[in-house]
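Me: I would like to go through this model with you. Could you start with the terms, please?

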Amino acid sequence: MRWLLTLRLASALLFVSGIALALFTVRSMNDTRHWMAQASGAIMGFCLSEQKLQIDLLDARAGLLRNYDPVNVDLAEGRESLDVLDRLPKKSEASVRLARLKIEVSRQEGLVERFKTDNALLQNSLTRFTSNDRPTVAGQDRLSARILQLTLDTSLQSVMAAKDVLARTLLPAGGTPEAQLISHARLLVSVLPEIDRLLHTIRSLRIDDEVVALQSVLHEESRARAATIQHLQLAVAITVILLMGSVLALILVQRLRTRELKGQAANGRLSAAIAIPLIDTGGGDFVSRVHEAVDRLALHIGAKRLQLIIPGVPSFSHFSWPDGNLDPRWLRKLVDAADADAVWHGCQIIASRGDGNIHPTLDLAMEDAGISNLVLLRTAGPFGVVIGFEPPCRTSAQRRDHVAGVSSAVVAIAHGARREVLQLERDRLERRLARARRMETIGAMASGVAHNFNNIIGAIGGFAEMGQERTRQGTSARHNFEEIQNAVARARDLVDDILSFAKQGRANKRPIRLPDVLTQAVRLLSASSRHETTFEVAPTDNCLRVLGAGSELQQVFLNILNNAAQASGGRPIIIATRRAHLSDERHMSHGGLDQGDYIVVSMSDSGPGIPATAYPRLFEPFFTTRAGGTGLGLSTAWEIVQDHGGTIDVENVPSGGARFAVWLPELSADADTPIIGDGAQILLLCEAAALSHEEEVLAELGYEPLGFPLSIDVKTLRDVIIECDGVLIATQEPAQITGMLLELKTVLADRPLFLAVPEGAVAETDIPCFRLNYPIEIATLSALLSGGKPASRPVETVE
């Protein structure tokens with residue numbers, strides 16, 4: 001009942017609000033008391049430090065202080081009190097008053113420092129002037145009397161009298177003690193008035209006025225805080241009264257609901273009995289227990305149809321009731337429709353056709369599925385398990401005990417699926433580790449064998465060559481030595497194959513365009529076969545990227561195509577490259593792949609095909625069905641593809657021959673890693689100071705830079721432009737390349753021009769070109785050099 005739920009929510013909200021208000025009120029009271037204590041303490045501390053400072057300055061003037069440590073302590077205590085006030089939260093007016101007080105205090109500190117300096121000179125001179133062992137000079141008594149009077153009275157009249165006596169005093173010879181005494185007297189006459197003036201200035205500062213103003217502002221703020229606390233206390237009292245009334249009403253209503261809850265409790269126990277067996281499942285009986293749980297759930301809630309999906313676990317992705325062969329896309333379509341209408345309420349949906357709610361996509365999907373009521377539940381993790389069923393009626397769908405029981409069962413299934421996936425991943429890693437250890441053992445053995453074998457066949461080849469030199473052409477002995485040399489060459493090829501097999505997987509992987517690697521492999525084979533074999537390469541997108549080692553992948557294509565060429569006997573070999581998306585796990589002829597995006601390179605020959613008995617051992621090292629074969633070509637290709645996260649699918653073509661399909665994970669187009677070039681020559685023209693840096697950028701992207709400064713005459717580069725694959729001009733000042741662009745127009749032909757200038761700058765030219773900002777961004781340059789960022793292209797989806 002909605003009103004009962006509203007009453008419960010209101011009671012809970014009032015309870016939480018009352019506690020929150022009470023806690024907030026208590027905290028505010030504590031904070032206010034703490035604030036007032038800190039503020040008043042800081043003000044009192046500052047006033048006390050000011051009074052002590054005035055007293056210590058007077059003591060220092062009178063010569064009663066031996067050092068200035070008390071003065072420094074007074075200043076430090078005042079600053080500490082101001083820091084306490086500064087850290088306190090306060091209104092803007094108080095902050096302004098405090099800032100003014102700090103300004104006055106800063107002025108006071110400066111005056112005190114001057115006082116300390118002058119007073120140190122004063123005390124030193126007074127000590128010297130009044131010491132018993134001072135030298136005697138003419139008129140000393142009158143001078144001492146005037147100096148003594150000046151220490152007590154620094155008025156203008158006293159200063160003039162002292163200066164008059166000092167002027168009439170006979171000046172002794174320079175450097176004598178008497179002369180030094182006269183110098184101290186002069187210093188006293190000049191310093192004593194200045195020190196008293198500094199003390200007067202310090203006392204006249206407006207510090208007391210600023211303190212009084214600050215005290216007034218802080219007092220007003222404390223009164224405002226007290227008023228806020230009173231308002232909070234009133235709000236707490238009102239909330240408590242409302243809560244008491246709500247609790248009394250809830251108790252009365254709850255008695256009316258007791259009988260209904262007893263029936264719901266029975267249903268809850270049944271739902272728990274369904275979920276508990278799924279909590280502790282083993283790897284072998286997980287699927288059967290899920291089937292049992294689905295059946296029990298469906299019978300318990302009286303579902304007409306029920307389906308459960310576990311995404312990301314292809315081996316047990318969906319379970320259905322009552323028909324186990326129910327289309328697995330039945331629930332997927334409903335979930336997609338619910339996502340399109342955004343009708344999820346948390347992790348569940350309860351929908352009925354024609355209930356007045358606006359969800360057109362979901363209504364259409366329910367109509368196509370032939371259902372009137374629908375309940376969808378999902379978990380946030382792991383795997384986002386989704387369950388959907390058609391209840392017998394809308395009232396049954398809204399029963400909380402049904403929803404709670406199904407939700408707990410779904411969570412248990414999700415955790416069981418997680419354990420299953422972890423176990424499968426562990427098995428996969430163990431197989432990969434075993435393969436790595438096997439390859440490590442083979443590599444170590446192969447390296448040792450190859451070293452010793454090379455020494456042996458080197459000696460055999462050397463003796464055979466010596467024998468050839470000592471025999472005549474056409475004789476049987478010469479023929480035998482030539483056969484030995486041929487056997488030595490085959491042995492060296494075998495050693496190379498063994499070493500290649502042992503070294504695979506050690507190269508660094510980087511983003512590369514797979515069609516470039518395939519094209520290079522086809523060129524090498526065409527040249528080595530003297531064009532006796534025809535390779536028909538279907539056109540494809542040049543931006544198909546994988547993360548791999550170019551040399552290793554080229555070796556894969558060379559090995560497979562070489563076998564295809566030998567099997568075809570001169571007939572054409574068909575090569576095609578395409579994208580493929582696997583929506584679920586797929587098992588191939590050898591191995592399997594997880595769901596994801598892949599690039600598939602298929603190579604079809606016109607030979608006799610692969611015997612059925614050879615399929616299981618096709619990629620085993622040293623297994624071969626061809627006379628003279630080493631049995632390492634396909635095994636090397638298999639290990640390289642496995643190391644790149646792919647597989648090789650092999651099948652016989654109905655029209656004759658075999659087809660090898662190499663599946664490699666595709667590198668997403670939005671990856672930040674730049675595309676690596678294929679060694680194309682790029683003519684680079686830029687300022688001399690930046691030439692070295694830009695050449696390094698092109699080299700890192702896999703291109704061969706031909707760098708020249710902008711000051712070079714384009715006419716001298718005609719041969720270079722003809723040989724290069726593209727021209728890149730980068731400059732900070734576009735105006736200086738206008739003439740160069742005009743000259744390039746006559747020799748550029750169909751070569752692409754890349755123009756990099758600062759953002760907002762304009763380089764006038766009618767030559768079609770690719771424009772980018774300078775300084776050059778590596779990702780942008782890489783995309784342009786490789787033919788631009790790939791647009792959205794069709795992808796074959798493999799179910």
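Reply: Helices (H or I, at least four residues) and strands (E, at least two) are DSSP runs, numbered from the N terminus. This is a predicted model, in which local features need pLDDT of at least 70, side-chain atom pairs count only at pLDDT 80 or more, and totals for chains, interfaces and linings use all residues. Residues are numbered from 1 along each chain as its sequence is written, and side-chain values use heavy atoms, with hydrogens and water left out.

Me: How many helices and strands does the chain have?
Reply: The chain has 21 helices and 20 strands. Of its 799 residues, 41% are buried, meaning under 20% relative accessible area with a 1.4 Å probe, protein chains only.

Me: Where does Lys-116 lie?
Reply: Lys-116 lies in helix α3.

Me: Buried or exposed, this Lys-116?
Reply: Lys-116 is buried, its relative accessible area being 12%.

Me: Which side chains make a polar contact with the side chain of Lys-116?
Reply: One is the side chain of Asn-72, at 2.7 Å, and another is that of Glu-113, at 3.3 Å. A polar contact is a pair of N or O atoms within 3.5 Å; within protein, one must be able to donate a hydrogen and the other to accept it, and residues adjacent in sequence count only if both atoms are side-chain atoms. Leaving aside neighbours within four places in sequence, Lys-116 is in contact with Tyr-68, Val-71 and Asn-72, where contact means heavy atoms within 4.5 Å.

Me: Changing topic: which residues touch the most other members in the largest nonpolar core?
Reply: Leu-57, Leu-85, Leu-101 and Leu-218 do, in a core of 44 residues. Such a core is a set of buried Ala, Val, Leu, Ile, Met, Phe, Trp, Tyr and Cys residues joined through side-chain atoms within 4.5 Å.

Me: Which helix gives the largest share of this core?
Reply: Helix α6 does, with ten residues.

Me: And what does Leu-218 touch?
Reply: Not counting residues up to four places away in sequence, Leu-218 touches Trp-35, Ala-39, Ile-43, Leu-85 and Ala-94. There is also a second, separate core of 39 residues, with Leu-518, Val-522, Leu-544 and Ile-575 among them.

Me: Last topic: which residues of α16 meet α17?
Reply: They are Glu-552, Leu-553, Gln-555, Val-556, Asn-559, Ile-560 and Asn-563. Their partners in α17 include Leu-634, Ala-637 and Ile-640.

Terms used. Buried means under 20% relative accessible area, exposed over 50%, partly exposed in between (1.4 Å probe, protein chains only).
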